[in-house]
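Please find below a note for a colleague who is meeting this structure for the first time.

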Amino acid sequence: LNEGYDMVIASRFMKGARCDEDDKLIKTRKLGNRTFTIIANLLFKGKLTDSINGFRGIKKEAFKKINPDAHHFGIEFQISIRAMKNKMKIFEFPTVERERVGGESTARSFKVGYQFIGLLIKEFLKR
């Protein structure tokens with residue numbers, strides 16, 4: 001952020017990174033996250049590898065301009081989409097996601113997926 005970027009995101013999917021599902025045979029969350037990131041990049045001309053990770057920093061001015069109104073797990077995705085729409089400078093760095101201290105994720109893949117589809121449609125139509 002001190003080097004002029006509007007937002008900095010820890011990516012679980014770039015080279016040198018690790019997702020908590022990497023050792024699992026079926027990687028449902030990873031597949032979903034990657035798919036939504038690819039779609040968002042295509043629709044909003046971005047180059048992100050992880051549009052959904054919540055471990056990020058954002059400048060106050062950028063946050064105000066983005067003015068997010070999504071709830072729950074959609075907030076990070078919406079912030080990423082609106083940053084791409086506003087042509088903000090985004091920096092990603094690889095992160096290593098470890099086992100959750102609190103146990104299993106509370107994000108239910110299909111429920112959150114439907115929320116993300118709704119966000120994509122809303123943001124695409126709101127050009």
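1. In this note, a residue is buried when its relative accessible area is under 20%, exposed when it is over 50%, and partly exposed in between (1.4 Å probe, protein chains only). Helices (H or I, at least four residues) and strands (E, at least two) are DSSP runs, numbered from the N terminus.

2. The model is predicted: local features need pLDDT of at least 70, side-chain atom pairs count only at pLDDT 80 or more, and totals for chains, interfaces and linings use all residues. Residues are numbered from 1 along each chain as its sequence is written, and side-chain values use heavy atoms, with hydrogens and water left out.

3. Strand β1 spans residues 7–11 and is mostly covered, five of its five residues being buried. Met7, Ile9 and Ser11 point to one side of β1, while Val8 and Ala10 point the other way.

4. Two strands count as paired if DSSP finds at least two bridges between them. With strand β2 (residues 56–58), β1 pairs in the antiparallel sense over three bridges. With strand β3 (residues 90–94), β1 pairs in the parallel sense over five bridges. Met7 illustrates both pairings: Ile58 stands opposite Met7 in β2, and Ile90 stands opposite Met7 in β3.

5. A salt bridge is defined as a side-chain nitrogen of Lys or Arg within 4 Å of a carboxyl oxygen of Asp or Glu. Six salt bridges are counted by this rule.

6. One of them joins the side chains of Asp50 and Arg12, at 2.7 Å from N to O. This pair links distant parts of the chain, 38 residues apart: Asp50 lies in the loop between α1 (28–44) and β2, and Arg12 in the loop between β1 and α1. Both Asp50 and Arg12 are buried.

7. Arg12 also forms a salt bridge with Glu97, where the closest N and O atoms are 3.7 Å apart. Here the partners are 85 residues apart, Glu97 being in the loop between β3 and α4 (109–125). Glu97 is buried, as is Arg12.

8. A further salt bridge connects Arg82 and Asp69 (3.4 Å, N to O). Arg82 belongs to helix α3 (residues 74–85), whereas Asp69 sits in the loop between α2 (60–66) and α3, 13 residues apart. Arg82 counts as buried because its relative accessibility is 7%; Asp69 counts as partly exposed because its value is 40%.
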